[in-house]
Each structure stands twice: as C-alpha cells, then as structure tokens.
Amino acid sequence: METFDIVFYIFATLTIVSAFVVVFTKNIMYAAFSLLFTFIGVAALYVLLHADFLAVTQILIYVGGILVLLLFGVMLTNNVVSVDIKTGTLNTIPALVAAAVIVGSLAAVFYMTWSTVGEPATAPTATTRAIGELLMTGYALPFEVASVVLLAALIGAALMARRTRKP
Amino acid sequence: MNLPITWNDVLALGPIAVVFGGTLLLVVLESIVRKASPLMFWVTVGVLAVAAGCALATIGVAGTAFGGTVLTGGYASYFALVFSAGALLVTLLSPAYLLKRATAFTEYYILLLAAVTGMMVMAASNDLVVFFLGLETMSVAFYVLAGFTRQSVTSNESAMKYFLLGAFATGFLLYGMALVYGTLGSTSIAMLRSSAAAHAGEPLFLVGLGLLLVGFVFKVAAVPFHMWVPDVYEGAPTMVSGLMSTGGKSAAFAAFLLVFGADVLQSAAPIREVMAVLAALSMIVGNILAISQTSVKRMLAYSSVAHAGYILTGVIAANADGANGVMFYLLAYTLMNVGAFGVLSILETASVENVRIDDLAGLSRTRPWLAGLMALFMFSLTGIPPFAGFFGKYYVFTGAIGAGYTWLAIVGVIMSVVSAYYYLRLVVVMYFQEGSPDQVGTATGIGLASLVLPAIALLALGLLPSTIVNLTMQCF
C-alpha cells in the first residue's frame with residue numbers, strides 16, 4: 001500500500017463516518033459540526049483527484065459559506081438546539097427501492113471496466129490560473145451574466161425580507 | 001485561448017445590452033429620485049421599446065460574439081423582439097393592476113427587466129453555461145415577482161412552490177449538462193449539435209440529454225412536470241402570470257430549439273420518441289383538465305400546458321417547417337395570452353382576486369370593449385382563422401406531418417377541437433348569459449390601448465403570416 005492509498009483511505013473513512021453521524025444524530029448541532037468534517041473529507045478527495053480549484057471552492061463555499069449560514073440559522077432560531085430532531089424511519093419500502101437502485105448502479109460502476117480511469121499522460125498542473133484566464137476571455141459573458149443573477153437575487157431577498165410598507 | 005473582448009462584442013449583443021443597461025439604470029434611478037414610480041414606469045417602457053427597435057434592426061445580421069458563446073442577430077433578435085413586445089404590453093398593464101393590489105413598489109420594474117435580460121440571454125445562448133445563467137436570471141426574478149403581493153397567502157404559496165420546484169428542475173438540468181459536457185468535452189451548443197451523431201450511441205450522452213429534457217419540460221410547463229402551473233399562475237400577480245406564461249415559456253422553448261436541434265433529435269431517436277409521447281400527453285391532459293375549471297386563471301394555466309404540447313410538436317418535427325412554426329407560434333401565443341391575462345387584470349378588483357367564469361356573465365353589455373377583446377383572444381387561442389393562433393398550429397402540424405409524425409398532428413387537431421369547448425364557453429357566458437357583472441373593474445386609457453395593440457397584431461399576423469415567416473426563415 002502506497003502513501004497515496006493510505007491518505008485516500010483516511011479521508012474516505014473521515015467522510016463516510018461523519019456522514020453517518022449527520023444522518024443518525026439527534027442533536028442538530030452535532031449534525032451541523034460533523035457535516036464540516038464530511039465537507040473537508042470530500043475536499044481532500046478532490047485534491048487526490050488533482051482537482052485543486054474544486055477542492056478550494058468546496059472549502060470556501062460549503063465550509064466557509066453554507067455551513068456558517070446553517071449554524072447561524074440554528075443558533076438564531078429559538079428552541080432548535082434543545083429539541084431532538086426526528087431520525088425515525090418513514091416510507092420503508094420506497095426508501096428500500098431507492099437504496100437498491102443506488103447500490104446497484106454503484107456496484108455496476110465498480111465492476112465495469114470503464115470505471116477505471118488511468119493516470120493522465122501528462123502530469124496535471126494547477127488549474128486555477130487557467131480557469132481565471134478563461135473567465136476573463138472565452139467565458140467573459142457568463143461571468144458578467146452571473147452578476148445580473150446576483151443583483152436580481154439581492155434585490156429580491158431585500159424586497160421579501162423587508163417590513164410591510166405602503167407603496 | 002486568448003480572446004480580447006472588445007466593444008464590438010458588447011455592441012453586438014444589441015437588445016440584451018439595452019435591457020441590461022436599463023436594469024442598472026432603474027436601480028440607480030430608484031435610489032436617487034424621490035417618488036420614482038411614474039418615472040420608472042416610463043423608463044421601463046422606453047427601454048423595452050428601444051430594445052424592440054434594436055432587435056428589429058439587427059434581425060438580418062446573424063453572427064456570434066464573445067468568442068462564440070452567444071448568438072447575435074437573427075434567431076436571438078427575433079426572440080428578443082418577442083420578449084420585448086410581450087414585456088412592453090405587460091408593463092403597460094401593470095401600474096393599474098399593482099395599485100389595486102396595493103403593491104405598486106418600484107422594484108417591480110427592476111425585476112421585470114432583469115427577467116427579460118435572462119430571457120434574451122437564454123434565446124441567444126450558444127453555450128450551455130450562458131444558457132444556464134440566463135435561465136437563472138429569469139427564474140430568480142420570477143420567483144420574487146410571483147410572491148410580489150406579499151400580504152396575499154396565495155401569492156406566497158405561488159412563489160414558494162415555484163421556487164422549490166424550479167430549484168429542483170434546475171438540478172436536473174445542471175446534472176444533464178454535466179453529463180453532456182463529460183461526453184463531449186465542451187459546453188458549446190453548436191458543438192453539441194454537430195457532434196451529436198458521433199456520440200448518439202453512448203449511454204452517458206443519452207442520459208445527459210434525458211436529464212436536460214426533464215429540466216426543459218419543467219420550464220416549458222409540459223406534462224408530466226406541469227403540476228406547479230395552475231397554482232403558480234393562479235397565485236402570482238395576474239400580469240406576472242401573463243409574463244411567465246408567455247415570455248418564460250418562449251425563452252425556454254427558444255433554448256429548447258437550440259439545444260434539441262434537428263441534428264440532435266435525428267441521431268438520438270429514443271429521446272425524440274419520449275418527447276413525442278410527452279407532447280401528446282400535454283395536449284390531452286392540458287385540454288381535458290381545462291374543461292372542468294371554474295377559475296379563468298386556472299383555465300388559462302391548463303390551456304398553457306396544452307399549448308406547450310402543440311409547440312413541442314414543432315420542436316419534435318426537427319425540420320424547417322417545425323422550427324418556423326415554433327417561432328411563429330410563440331409570437332402569436334405571447335400576444336394572445338398577454339391579452340387574455342391583461343383583460344383579467346383589468347376585471348379584477350381589490351376584493352375579487354380571482355375572476356371565475358360565471359363572474360363574466362353579461363359582460364358584453366356592461367363592458368362591450370373588454371368582452372369583444374377577450375372573445376378575440378379566445379378565438380385566437382382556439383386556433384380559428386383568420387387569427388394568428390390558427391397559423392401557429394398550422395405550421396407546427398405541417399412540420400410534424402413532414403417529419404412522419406402524422407399521429408401527433410392528428411392528436412393535436414382533435415385536441416384543438418376539444419379546446420374550443422372551454423374557450424368558446426367563455427365567449428358564450430360573456431355574450432349570451434344573463435348577469436350583472438358590476439363588481440368588475442374598468443379599463444384605463446393605457447390599459448385599453450395595450451389590449452387593442454395585440455388584438456390588431458393578431459389579426460394582421462393572421463391575414464399576412466408571411467411577413468413573420470419571411471423573418472423566421474432567415475434565422476436558419
């Protein structure tokens with residue numbers, strides 16, 4: 001077993017175990033914090049796949065943004081921290097069917113030959129610079145349109161959250 | 001890749017640049033002018049009129065800009081014209097309606113122009129990333145506009161439902177794009193069409209197209225993803241429903257026609273068969289459910305599902321007739337549906353939020369103009385000549401027959417006959433039933449003018465359809 005494999009298994013275990021905690025814990029704060037470890041584990045897996053930009057984005061957006069938002073949401077809402085959340089089983093049969101389909105397709109991917117992707121012919125280089133250059137050249141328009149989406153979302157959120165007023 | 005972006009690229013965007021600039025101008029105006037409402041209304045009208053003129057001027061010169069990620073002129077300009085015309089009529093009808101709902105807030109115009117920007121970007125997209133961002137711009141603006149009357153419970157329900165289901169559909173669309181990108185190694189839509197034949201046998205490509213189809217079918221409101229339509233159209237402010245059902249649908253179909261072009265459909269046969277079944281189901285389910293509705297808005301919502309089926313027929317045809325038919329149909333549908341929702345928005349009052357069909361009894365005596373215009377829009381929606389609705393159906397069905405989908409055209413014609421029942425029932429109620437609709441509102445000068453305009457246009461397009469068809473022919 002090489003160092004690469006050892007590192008992979010450490011982070012894979014971290015991801016899966018913390019994901020189990022998220023699903024099965026009854027305390028919403030524990031769930032939120034173990035989600036942090038799931039996200040970090042996934043980010044590490046991206047690094048192992050040479051997807052450096054994706055890994056950093058994963059940490060910035062999910063850990064830095066979404067998770068903090070989630071924790072604030074929990075903390076600012078009354079009576080959420082102390083209340084046990086329901087983790088019982090509902091809709092057993094549809095859930096079993098869905099789980100069987102997912103396990104089946106995962107197994108198919110695992111045992112089929114096209115699942116094994118070889119090492120790239122040339123050593124991968126850092127992608128962040130190339131992505132940045134593309135955003136300013138070939139994808140300049142999507143980059144600008146994204147700002148319209150954010151503008152519309154900001155105005156919409158402000159409008160929806162504002163106190164009732166007269167026109 | 002080293003592509004310098006120049007001013008020429010920005011100028012080539014034409015109507016998109018105008019509307020986007022208008023959105024930003026409104027944001028600034030709102031913050032520096034006190035009591036900005038009338039000013040913002042007129043600026044919105046002006047911006048949309050300039051955008052329409054700009055689209056009309058650039059329709060003959062097709063090309064690409066921004067390194068081939070966006071289409072300019074031709075196809076994009078034609079749809080920009082459709083969107084600006086629809087949005088202009090909606091804007092003209094809006095102030096009177098918003099005052100009745102006590103929500104005449106200035107943000108309305110900003111969000112409306114943002115939605116139109118998104119629609120134009122969608123119809124001009126030559127890259128899946130550009131298309132996605134256009135779709136999101138339009139959808140985010142619509143989520144907010146649907147819940148614009150905040151004190152109304154149904155409006156909140158409408159916004160919530162549209163937002164949750166829309167986000168879900170976006171997920172499908174994005175997953176489909178990822179898989180298509182995975183097979184092609186490119187997000188270019190032109191490349192997707194040209195290399196579809198080479199990849200048609202790959203399961204991953206077909207699954208990607210299938211997921212894209214789910215997203216599109218949701219956005220154009222066809223069966224089986226039509227459940228949100230009646231609740232959303234009923235709860236949203238009436239003029240917003242008018243824009244969603246016309247501009248939103250047209251933009252989704254414009255992109256649909258770009259992504260699922262003739263090359264893609266001819267090589268991906270299973271996808272085409274699924275689409276044919278969905279089109280037939282949309283026509284059947286939409287028309288049959290529309291018969292049993294008592295609320296006019298819900299009836300129009302189910303009728304919009306049925307129209308999605310007719311238009312989808314033109315997409316499936318995957319030939320010039322079908323594509324021309326789709327483009328003509330969307331212009332005609334925009335005019336007649338904005339008109340129908342416009343009449344409703346005038347008839348509604350502060351207390352009557354939802355006009356039922358029975359409320360219209362005797363309307364021809366108390367409001368002869370409104371009744372006459374509504375009857376005209378209903379005739380056009382049914383597809384009775386000489387109105388434009390007839391030629392829309394004629395072209396898409398001709399395309400379907402040319403492509404060997406005769407059974408689909410037969411289903412379409414039978415279902416058009418079924419639809420005559422509920423469209424004409426409205427006319428019968430207005431003209432031949434006794435009643436005293438005193439509780440309905442009256443039209444302002446601007447309101448009546450903005451209903452007469454689409455009515456004249458529908459008649460003109462119905463008498464001279466070749467003027468528009470000559471335009472759409474140039475786009476391919």
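The tour starts with chain A and then works through chain B. Keep in mind that this is a predicted model.

**Stop 1: chain A**

Select chain A and colour by secondary structure. You will see six helices and zero strands. Read from the N terminus, the order is α-α-α-α-α-α. Now colour by accessibility. Of the 167 residues in chain A, 19% are buried. Take the contacts between residues at least 6 apart in sequence: 60% of them join residues at least 24 apart.

**Stop 2: a helix pair, H2(B) and H5(B)**

Move to chain B. Two packed helices are described by the angle between their axes and the distance between the axes. Select residues 15-32 of chain B, helix H2, and residues 107-123 of chain B, helix H5. Their axes lie 9 Å apart, at an angle of about 160 degrees. An angle over 145 degrees counts as roughly antiparallel, so H2(B) and H5(B) run roughly antiparallel. Their crossing is left-handed. Show side chains at the contact. H2(B) contributes residues including B:Ile16, B:Val19, B:Phe20, B:Thr23, B:Leu26 and B:Glu30. From H5(B), look for B:Tyr109, B:Ile110, B:Leu113, B:Thr117 and B:Met120, among others.

**Stop 3**

Select B:Ser94, which sits in helix H4 of chain B, residues 74-100. Is B:Ser94 buried or exposed? B:Ser94 is buried, because its relative accessible area is 0%. Beyond its neighbours within four places in sequence, B:Ser94 contacts B:Tyr108 and B:Met239.

Next, step into the loop between H4 and H5 of chain B and pick B:Ala102. Most residues other than glycine have a negative phi, and most peptide bonds are trans. B:Ala102 has a positive phi, near 55 degrees, and is not a glycine. With a relative accessible area of 39%, B:Ala102 is partly exposed.

**Stop 4: B:Ala251**

Go to helix H12 of chain B, residues 238-259, and select B:Ala251. Its relative accessibility is 0%, so B:Ala251 counts as buried. What does B:Ala251 touch, leaving out residues up to four places away in sequence? Its contacts are B:Phe83, B:Met119, B:Met122 and B:Met138. Now draw a C-alpha distance from B:Ala251 to B:Gly134. The two are 117 residues apart along the chain, and their C-alpha atoms are separated by 9.4 Å.

**Stop 5: the loop between H10 and H11**

This loop of chain B has several things to click on. Start with B:Ala221 in the loop between H10 and H11. Its phi is positive, about 65 degrees, although B:Ala221 is not a glycine. B:Ala221 is buried, because its relative accessibility is 1%.

Move along to B:Pro224, in the loop between H10 and H11 of chain B. The peptide bond between B:Val223 and B:Pro224 is cis, with omega about 5 degrees.

Finish with B:His226, which also lies between helix H10 (203-219) and helix H11 (228-235) of chain B. B:His226 has a relative accessible area of 7%, so it is buried. Its contacts, other than neighbours within four places in sequence, are B:Ala221, B:Val285 and B:Val305.

**Stop 6**

Select helix H16, residues 320-347, and helix H22, residues 466-473, both of chain B. The axes come within 9 Å and cross at roughly 130 degrees. H16(B) and H22(B) are therefore oblique to each other. Their crossing is right-handed. On the H16(B) side, show B:Asn324, B:Met327, B:Phe328 and B:Leu331. Facing them in the contact are B:Ile468, B:Val469, B:Thr472 and B:Met473 of H22(B).

**Stop 7: a proline pair and a bent helix**

Select B:Pro386, in the loop between helix H18 (368-382) and helix H19 (388-402) of chain B. A cis peptide bond links B:Pro385 to B:Pro386, with omega about 10 degrees.

Last, select residues 406-432 of chain B, helix H20. At 1.5 Å a residue, its 27 residues should span 39 Å, and its end C-alpha atoms are 38 Å apart, so the two values agree. Where does H20(B) bend? Centre on B:Ala420: the bend there is about 25 degrees.

Note on methods
Residues are numbered from 1 along each chain as its sequence is written. Chains are lettered from A and ligands numbered from 1 in the order in which they are written. This is a predicted model: local features need pLDDT of at least 70, side-chain atom pairs count only at pLDDT 80 or more; totals for chains, interfaces and linings use all residues. Side-chain values use heavy atoms; hydrogens and water are left out. Helices (H or I, at least four residues) and strands (E, at least two) are DSSP runs, numbered from the N terminus. The expected span of a helix is 1.5 Å times one less than its number of residues. The bend at a residue is the angle between axes fitted to the seven residues ending there and the seven starting there. Buried means under 20% relative accessible area, exposed over 50%, partly exposed in between (1.4 Å probe, protein chains only). Contact means heavy atoms within 4.5 Å. Axes are lines fitted to C-alpha atoms, for helices over the stretch in contact, and angles run from 0 to 180 degrees between N-to-C directions. Angles under 35 degrees count as roughly parallel, over 145 as roughly antiparallel, 65 to 115 as roughly perpendicular and the rest as oblique. A crossing is left-handed if the near helix is turned anticlockwise from the far one by less than a right angle, and right-handed if clockwise.
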